[in-house]
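Student: Could you take me through one part of this model closely, and then show me how it fits with what lies around it? I'd like to follow it step by step.

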Amino acid sequence: MVTNIRKSPGTMPKWALAYFGLTLVVLAYGFYAAMVAPKEATMGNLYRVFFYHLPHTILSFVFPYLNCGASFLYLYWRNRNVERAAAADAFALASAEITVLYASIGLATGMLWGRAAWGIWWAWDARMTTYLLLWLLYVSYLLVRRFSATGQTAVISAVLAIFAAIDVPICFMSIRWWRTQHPSAVFGGGDNSGIDPSMVPAVLWNMLAWAMWGAFLIGMRYAIERRRQRQSNAHALGFLGDETPQAFQEVR
Amino acid sequence: MNYAQHVLTHLRKDLRLEWRTKDSINGMLFFALLVVVVLAMAFDPASYPTMTRQISGGLLCVAVLFAAMTALNQSWARETHNNVLDAHRLSAAPASALFVGKALANFLFVMAVEIVLAPIFTVFYNLHPLGQTWKLLFILPLGTWALVVNGTFFAALSLRSRNRETLLPLVLLPISMPALLAMIQASTAVLTGEFEPTLWIKVLVAYVIVFTTACVLLFQTILSAD
């Protein structure tokens, strides 16, 4: 059956632990850098949410393309290499979940920022609307994974992931045209148009920290999904005959 | 048989089935009518002609979209009786011909509903369009095809899922948001006459080309997804 099982699957490998430790250190330093950055002139300390908002939003436009790439690989390997196809599917699921997580954090911090900067929680301006649609697309992707019939989940969600990835640039362009036609009164200038140079280190450190953290979460989720796949394979084999106990032992 | 003949055969079969039962069209028509009435509860269309012009395009598109969704699930449910779908999989005919045939049939049904609904809508909402109304002859079919082609595809995708009635709107609405936006903007442009619908017609054309291609290419994968 599956060959690439580690001897003690209950623990993380050493390099993953080391990476996790490093990520925590960078996150802590990012937090420190964000907190000691100079106070902003008009918004005061409230602007510090920006250091969390920017990395999360940028990264949540990166992860969907990991998801789309993994889905293409899944469709390519589906009838060629079952094991790799399963791995690609697990990766697609992991990246979609982290996309939704990061986009949710991006939306929430963006609303906090909007409330502080413009006095309203939400404006239907181009960026926010596009971003909300991105979030909706990947939430619907996760719902489809949950609802679809067992044997078909991977195929259906791979196809949907490709549709979603095609849709993101179309959404982006059409909403930009929409909002240039009816300019919104609330939104004046880009939110990071010309930040003070003293804030740049904090932005970069947080960018790195949250990218590392996102990669860690995707890896973790991937490992969990792979284990679930192995377990359900072993479970399915269990209905076939005697090899159950051994196959099941192997993956537990 | 060549590809066009396969498509035509599927289309003819779907039209014949619909002609005998008239389930989809009757259901859609009445549902769309109900949506129009319900929306008239939300605001008073007769007393505010300017506002009515501004939002009527959107309301009509939304009514049509909701109505189409009720019929799209049914269109594949027909194929599941007596395992017809398995026969389709075994058949030597190209799978995408089945899809194109069904999408065309659904397109014709929804267009029929729109043709009936548009005059009713104009009368009920006391609508006086200010732009060039003939442009709706491009906008409505393009927008309808954009919604129906994706809708037919996703209805097939959610065919064997646990709760397919719920799943279809959940998938279809986010994906077709740009098409819906373009259709609404273009028809609002025509009704109010305040701006040109050209840009939005272009968006619709691009959307239709991209997603029709994607659907045709990926349908085989969906049909044999086990």
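Tutor: Let's begin at N82(B), in the loop between helix 3 (49-80) and helix 4 (84-90) of chain B; helices here are DSSP runs of H or I with at least four residues, strands are runs of E with at least two, and both are numbered from the N terminus. A word on the source: this is a predicted model, where local features need pLDDT of at least 70 and side-chain atom pairs count only at pLDDT 80 or more, while totals for chains, interfaces and linings use all residues. Residues are numbered from 1 along each chain as its sequence is written, and chains are lettered from A and ligands numbered from 1 in the order in which they are written.

Although N82(B) is not a glycine, its phi is positive, at about 55 degrees. Most residues other than glycine have a negative phi. N82(B) counts as exposed because it has 8 other C-beta atoms within 10 Å; the cut-offs are 12 or fewer for exposed, 20 or more for buried, and partly exposed in between, with C-beta atoms placed from the backbone. Another loop, between helix 5 (95-124) and helix 6 of chain B, holds N126(B). N126(B) is not a glycine either, and has a positive phi of about 55 degrees. With 13 other C-beta atoms within 10 Å, N126(B) is partly exposed.

Now follow helix 6 (residues 136-157) of chain B to W145(B). W145(B) has 22 C-beta neighbours inside 10 Å, so it counts as buried. Leaving out residues up to four places away in sequence, W145(B) touches F107(B) and V208(B); a contact needs C-beta atoms, placed from the backbone, within 7 Å. From W145(B) to A179(B) is 34 residues in sequence, and 9.7 Å in space between C-alpha atoms.

Next, look at helix 2 (residues 23-42) of chain B: its 20 residues should span 28 Å at 1.5 Å a residue, and the end C-alpha atoms are 29 Å apart, which agrees. That expected span is 1.5 Å times one less than the number of residues. Which residues of helix 2 of chain B are buried? They are S24(B), M28(B), L29(B), A32(B) and V36(B). These cover an arc of only 120 degrees around the axis, so they sit on the same side of helix 2 of chain B; the arc is taken from the directions from the helix axis to the C-beta atoms. An α-helix has 3.6 residues a turn, so residues three or four places apart point the same way. On the face of helix 2 of chain B turned away from the buried side are the exposed residues V37(B), V38(B) and M41(B). The cover over the buried residues of helix 2 of chain B includes helix 1 (3-21), helix 3 and helix 5 of chain B.

Terms used:
Contact = placed C-beta atoms within 7 Å.
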